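Morning, everyone. Please look at the sequence and the model as they come up. I'll take the sheet, then a pair of helices.

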Amino acid sequence: MGVWLAERLGGEVVACDSTQLYRGFDIGTAKPSAGERRGIPQHLIDVLGPREEATAGGYRQLALAVLNDLRQRRKLPIFTVGTGLYLRALLEGLAEVPQRSEELRARLRASVEEHSPDHLHQVLKRLDPVTASKIAPADQQKLIRAIEVCLLARKPISELHREGRVPLEGWRVLKIGLNPPREKLNERIHSRTDAMLERGWLEEVQTLLASGMSEDVKPFDFIGYRELRAVLQEKISLAEAREAIQQATRRYAKRQLTWFRKEQGVRWFSGFGDDPSIQSDAFEWLRSASLG
């Protein structure tokens with residue numbers, strides 16, 4: 001729907017998706033093809049290398065620069081949102097937190113090998129029980145970042161997040177949400193997985209690995225890329241990977257809906273963005289809301 005709206009409103013599309021930031025990882029992140037873009041400029045796609053870290057704060061900085069450019073050119077931004085945290089970071093702002101410390105991170109990783117599997121979670125519980133309650137004990141990456149911030153800032157990260165947020169200013173935000181029937185959504189997920197595989201998703205992964213890219217880069221943890229990497233390593237069959245990708249995508253879609261249902265001010269439509277009736281209703285709502 002993003003491109004469709006951009007065509008009719010004279011706008012440009014801005015991706016708000018942590019996976020589409022990475023160059024080279026195209027099919028599995030559902031980046032729009034040249035044909036799908038229909039000549040509409042697309043921003044914040046392919047802006048990071050595989051070894052670079054995607055963060056909400058980094059995304060906000062990039063998005064603010066795009067918004068400034070669009071304002072100067074009198075173009076309307078149409079955000080297509082897949083990562084709710086990035087949208088929230090852009091609209092509500094983020095607290096000022098310390099930069100990464102590779103030395104501290106290395107010590108925290110080493111401590112994992114010396115203690116029980118839930119060691120980092122126990123450490124964070126002592127430093128910031130509020131944040132610890134929101135992070136799974138197995139999520140080492142988030143635990144390390146939370147502990148790192150607590151130690152460097154000398155205060156709980158939950159306290160930092162309550163301070164110093166600077167929300168987006170100078171823009172009126174209108175939000176559209178799509179909520180198709182669950183059965184139809186699952187069917188779409190299954191058919192999209194098949195279409196991605198037919199377009200050469202496995203071959204894309206093979207090419208990335210053959211280029212000498214390390215298997216530990218972040219994008220190889222994305223849904224589908226980790227499963228297809230396992231196929232090439234002969235750990236699972238392609239049929240098993242297909243089923244695992246579909247299951248993981250269904251779960252991710254459920255988490256997305258849970259997140260966005262908590263988002264304030266969303267006008268929900270019960271269908272898919274390529275449905276002409278949904279497009280018409282959404283356009284009429286936007287026109288009415290913009291005049292209100």
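Two strands pair if DSSP finds at least two bridges between them. Strands (E, at least two residues) and helices (H or I, at least four) are DSSP runs, numbered from the N terminus.

Some ground rules. This is a predicted model, where local features need pLDDT of at least 70, side-chain atom pairs count only at pLDDT 80 or more, and totals for chains, interfaces and linings use all residues. Residues are numbered from 1 along each chain as its sequence is written, and side-chain values use heavy atoms, with hydrogens and water left out.

Now the sheet. It is open, with three strands in the order β2-β1-β3 and parallel pairing. β2 (42-43) and β3 (76-81) are at the edges; each has a single partner strand, so one side of each lacks a neighbour in the sheet. Strand β1 (residues 11-16) is joined to β2 by two bridges. Val-13 has Gln-42 in β2 as its bridge partner. Helix α3 (residues 56-72) packs on the sheet and touches β1, β2 and β3. Touching, or contact, means heavy atoms within 4.5 Å. The direction of α3 makes about 180° with that of β1.

Next, the helix pair. α10 (residues 182-198) packs with α13 (residues 238-261) at about 135°, axes 10 Å apart. Axes are lines fitted to C-alpha atoms, for helices over the stretch in contact; angles run from 0 to 180 degrees between N-to-C directions. The residues that meet include Leu-185 and Ile-189 in α10, and Ile-245 and Thr-249 in α13.
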